[in-house]
There are 2 protein chains.
Amino acid sequence: MNELVVAGSLAFDAIETPFGKTDKIIGGASPYISLAASRLGVKPRLVSVVGNDFTPEFFDILHRNGVDTEGVKVDNNQKTMFWAGKYNKDMNERTTLKTELNCFETFNPTVPESYKNAKVLMLGNITPTIQSAIIKQFSKRPDLIVLDTMNFWMERTPKELEETISMVDVLTINDEEARQLSGEFVLLKAAKKILAKGLKYLIIKKGDNGALVFSADGNYFSAPALILDTVVDPTGCGDSFAGGFCGYVAAKGKTDFETIKAAVIAGSVMGSFCCEKFGTENLQNLTDQDIAERVKQFEKITSFKF
Amino acid sequence: MNELVVAGSLAFDAIETPFGKTDKIIGGASPYISLAASRLGVKPRLVSVVGNDFTPEFFDILHRNGVDTEGVKVDNNQKTMFWAGKYNKDMNERTTLKTELNCFETFNPTVPESYKNAKVLMLGNITPTIQSAIIKQFSKRPDLIVLDTMNFWMERTPKELEETISMVDVLTINDEEARQLSGEFVLLKAAKKILAKGLKYLIIKKGDNGALVFSADGNYFSAPALILDTVVDPTGCGDSFAGGFCGYVAAKGKTDFETIKAAVIAGSVMGSFCCEKFGTENLQNLTDQDIAERVKQFEKITSFKF
């Protein structure tokens with residue numbers, strides 16, 4: 001299978017939450033995206049960069065979960081990106097303790113030839129110029145290009161971000177970012193203004209309040225958030241959502257609104273699993289049955305008979 | 001029909017929003033609750049108090065919508081309660097310009113004999129001791145007692161509120177109030193702690209993010225918020241939600257979880273209609289078809305096929 005290319009950061013994370021703390025574990029956006037997507041029956045092909053400390057056991061996490069790492073450069077002169085963060089008691093706030101970009105600072109991605117007939121391209125949250133440079137390397141445009149970004153780029157490189165947005169089909173941001181990007185407080189107005197930048201779909205992530213997807217032709221869909229017994233570590237939930245979303249679309253090979261709705265549920269399912277354990281641990285061990293049962297939970301908490 | 005008794009404030013409101021302003025219109029919680037409930041096929045019986053300025057045309061609004069006002073006292077020595085408020089540009093904040101309690105200050109409710117075999121009792125947001133005094137007047141306990149309250153009473157009269165909560169089946173509050181009442185930040189923990197006060201169901205209203213209902217036996221349901229083209233006046237949306245909820249339950253005559261889920265949708269439908277026009281105007285003119293079409297919209301934005 002060759003449907004999905006994922007580009008994004010690969011890093012080591014050290015995470016502390018009220019439930020415990022980790023040593024350096026595999027992190028950054030792309031492992032969450034790839035591992036979540038891999039659970040939906042696709043073989044994600046990764047574009048990223050790591051340093052000389054990214055030892056074989058970390059590659060093995062990706063490989064044994066079906067992730068192709070041909071597009072992962074190894075920069076032997078530098079170390080892998082590192083992030084350390086700590087969550088507060090209620091896990092609604094987190095403090096970044098350390099960010100070392102290391103090899104990521106000079107990341108100049110190359111998309112391998114074998115990746116270039118991908119149907120879906122998922123661009124994790126990185127510099128907009130790097131995202132657009134990746135798109136330009138595809139001789140044949142993927143059927144669906146999904147872009148994740150954040151407020152940082154809206155403030156720092158708004159022009160470059162606008163150009164990148166104009167090249168993609170789907171944008172995923174949170175509700176505050178949608179307001180910031182559009183200058184509109186009312187979410188419907190914000191969504192219309194952002195869709196008018198040339199998108200087919202806009203996904204607005206609302207954390208504990210679920211997610212919305214708006215289509216350019218005026219439809220929308222509301223996915224709830226599952227209410228979980230235990231949230232152990234919220235790191236990577238948004239990326240797992242993106243991975244579930246694009247993995248589902250790639251596996252189905254369709255981009256109509258019915259598929260997109262189910263893909264948003266797939267994303268919500270993966271986001272919910274992710275935060276139940278530290279890092280990517282839960283994503284690595286999910287079975288088809290785990291996923292099917294959780295999809296049923298989403299059906300159960302939203303279905304009604306009037 | 002004699003299934004639903006509604007107790008709550010009756011007032012005049014003067015409302016200003018970016019879409020315009022009103023003179024004194026019928027307001028307070030109970031008209032919103034009653035009119036919303038009346039649209040679902042029940043005849044709400046109202047317990048409240050008005051002053052000497054509550055002229056026949058205002059009673060007529062209630063009567064022609066099937067609301068029984070035998071339990072509405074007329075205090076000829078005072079004026080009707082009055083509230084004036086103004087919403088900001090984005091309608092996410094409102095400023096109270098004036099509150100005159102008038103006849104409501106000495107409100108001492110009497111439930112008429114003809115009301116006392118009601119199946120559902122809805123207590124709008126008023127002083128907890130008045131709410132409990134109303135419950136105590138029912139010789140035969142209603143099948144379902146629904147209580148609305150707010151943070152003001154949690155701070156001002158916590159003991160009286162706790163006593164009132166212990167007498168009811170369903171509590172409706174917003175997410176911040178659920179956290180305040182329970183002392184728990186995580187919503188699931190908050191819900192469990194509040195349900196343990198003896199409730200059958202807890203409804204958490206989340207405004208633009210929909211509503212949740214939790215049952216004492218461990219189920220929950222997530223209702224989305226409809227995304228509306230125009231929000232003209234948010235006043236009374238929460239009360240319209242409560243009215244739709246208890247009107248549906250009273251009309252069905254059942255209190256199982258499947259009925260409660262649909263009732264939360266009925267509440268969401270009524271809340272969405274309410275805010276599209278000033279005051280109770282939209283509630284007064286809804287047809288069965290309007291309601292059926294909006295229920296279909298709720299089905300459409302939540303249904304998916306994985």
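**Ground rules.** I am reading a predicted model, where local features need pLDDT of at least 70, side-chain atom pairs count only at pLDDT 80 or more, and totals for chains, interfaces and linings use all residues. Residues are numbered from 1 along each chain as its sequence is written, while chains are lettered from A and ligands numbered from 1 in the order in which they are written.

**Strands.** I took helices (H or I, at least four residues) and strands (E, at least two) as DSSP runs, numbered from the N terminus. I called two strands paired if DSSP finds at least two bridges between them. I started at β7(A), residues 81-87. It runs parallel to β2(A), residues 11-17, over six bridges. Within that pairing, Ala84(A) is the bridge partner of Ala14(A). I then looked at β8(A), residues 94-100, which is antiparallel to β7(A) and joined to it by six bridges. Here Thr96(A) stands opposite Gly85(A). Six residues lie between the strands of this hairpin, and Met91(A) has a positive phi near 60 degrees.

**Two copies.** I superposed the chains by least squares on the C-alpha atoms of residues with pLDDT of at least 70 in both. Chain A falls on chain B by a rotation of 180 degrees with 0.0 Å of shift along the axis, at RMSD 0.0 Å. This is the relation of a two-fold axis. Both copies use the same surface, as 100% of the contact residues of chain A recur in chain B.

**Interface.** I counted a contact where C-beta atoms, placed from the backbone, lie within 7 Å. On that basis, 23 residues of chain A meet 23 residues of chain B. α9(A) gives the most to chain A's side, with four residues.

Notes: Contact = placed C-beta atoms within 7 Å.
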